[in-house]
Amino acid sequence: MSYISFSTDDVLQGAKDSQDRSEKERVAGETNYLPKFKEGETVLRIVPPPAEWLEWFQAQGVRPTPFFPTWKHFFQSSGDGWVNLRCPSKIAGGVCPVCSESKRLYNAGDDNLGKKLRAKRIAYVNVIDRDNEELGPQVWEMSYPSGEWKGYTMYERVAGLMQGRAARNLIDPVAGFDLIVTRKGTGFKDTRYTVQADLEARPLGNDTQIQLFVEQQADLRTFVGASDEKWVNEQLKDEPWYTYREMDDEDEGYGYGDDPADNAAAELVVGDAENNGDDFNF
Ligand SMILES: [Zn+2]
């Protein structure tokens, strides 16, 4: 009989190599999120999804778009961390303990906490920050209407720029326009965002750069599915699994905040950028 002969050192080294490899993959797979908006102007350019994703859109029964909406719960856990999950009920019609608890709180008259735990609708889109193009595509998490469209959310405002007489194409990588987000103020109540299309069209880059950005972007198809119910229960195993947190006086800086109803969304994403939209493990 022939077999591979090896020392136990080889075996141990092999295990270590594989650990190093998975660590490298983990780091490589980390999502590059757009940081909080600074005061003043931030110039962004939307990166269109690659042609390979067409089939996915068709399977979902939706028209292709660079915007990927989903439902998210985000709240402070009873420990030091934040719980961030995509609602199994709103997205997939499954069981969601967070929605149940939110409903229970509303029924018990605690609208404030009930609202904090409620799933909020947000959308992801890949963008290039024109002042930091070397960072490559970054994922921008924006507010998206949970119910009636009233024009307050960031998504509605961006989409609004692509409609009507003064419509600008913000998506075409060759003939499209950049997007300018202007932040005024830093306080929770006085922060305002203005969204405009740039005055002149400008390509995302040359052909090679466009191709590279399209390839480098985060795969947002994997950002929108419901969190696994088992995983959700695992996140909520400590009792109590949430804490009440007083609102910070600083606006969270992701482009929420102009609408009182939307402040609930802002409240849910108060925290540092690392905690916001951390999509690993689910
Ligand atoms: Zn839920």
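This is a predicted model: local features need pLDDT of at least 70, side-chain atom pairs count only at pLDDT 80 or more; totals for chains, interfaces and linings use all residues.
Mean confidence is lowest in α9, at 40, and highest in β1, at 97. Across the protein, pLDDT averages 83, and 81% of the residues score at least 70.

**Overall make-up**

- The protein has nine helices and seven strands.
- Of its 282 residues, 30% are buried.
- Take the contacts with a separation of 6 or more: 64% of them join residues 24 or more positions apart.

**Nonpolar cores**

- The largest nonpolar core holds 28 residues.
- Ile46, Ala123, Val125, Val127 and Met142 have the most contacts inside this core.
- At least two core residues come from each of β1 (40–46), β4 (120–129), β5 (138–143), α6 (154–160) and β6 (179–184).
- β4 is the top contributor to this core, with six residues.
- Val127 touches Leu34, Leu44, Arg45, Ile46, Val47, Pro137, Gln138 and Trp140, with residues up to four places away in sequence not counted.

**Strand β4 and its partners**

- Eight of the 10 residues of β4 are buried, so the rest of the structure largely encloses this strand.
- β4 pairs with β1 in the antiparallel sense, over three bridges. Leu44 has Asp129 of β4 as its bridge partner.
- β4 also pairs with β5, again antiparallel, over six bridges. Here Ile122 stands opposite Ser143 of β5.
- β2 and β4 are antiparallel partners as well, joined over five bridges.
- Two residue pairs involve β4 as follows: Pro69 is bridged to Ala123, and Lys72 is bridged to Lys120.

- β2 pairs with β3 (residues 82–86) in the antiparallel sense, over five bridges.
- The two strands, β2 and β3, form a hairpin with five residues between them.
- Lys72 stands opposite Arg86 in β3. In β4, the bridge partner of Lys72 is Lys120.

**Lys90 in helix α3**

- Lys90 belongs to helix α3, residues 88–92.
- Is Lys90 buried or exposed? Lys90 is buried, because 20 other C-beta atoms lie within 10 Å, and the cut-off for buried is 20 or more.
- Beyond its neighbours within four places in sequence, Lys90 is in contact with Trp71 and Ala119.
- Lys90 and Trp71 are 19 residues apart along the chain, with 6.6 Å between their C-alpha atoms.

**Loop residues**

- Asp228 sits in the loop between α7 (207–216) and α8.
- Asp228 is partly exposed, because 16 other C-beta atoms lie within 10 Å. That count falls between the limit for exposed, 12 or fewer, and the limit for buried, 20 or more.
- The C-alpha atoms of Asp228 and Leu85 are separated by 9.1 Å, although the two residues are 143 apart along the chain.
- Pro240 lies in the loop between α8 (229–235) and α9 (260–268).
- Pro240 counts as exposed, because it has 10 C-beta neighbours inside 10 Å.
- Which separation applies to the C-alpha atoms of Pro240 and Gly79? They are separated by 9.4 Å, while the residues are 161 apart along the chain.

Notes: Residues are numbered from 1 along each chain as its sequence is written. Helices (H or I, at least four residues) and strands (E, at least two) are DSSP runs, numbered from the N terminus. Two residues are in contact if their C-beta atoms, placed from the backbone, lie within 7 Å. A nonpolar core is a set of buried Ala, Val, Leu, Ile, Met, Phe, Trp, Tyr and Cys residues joined through C-beta atoms within 7 Å. Two strands pair if DSSP finds at least two bridges between them. pLDDT is the predictor's confidence in each residue, from 0 to 100.
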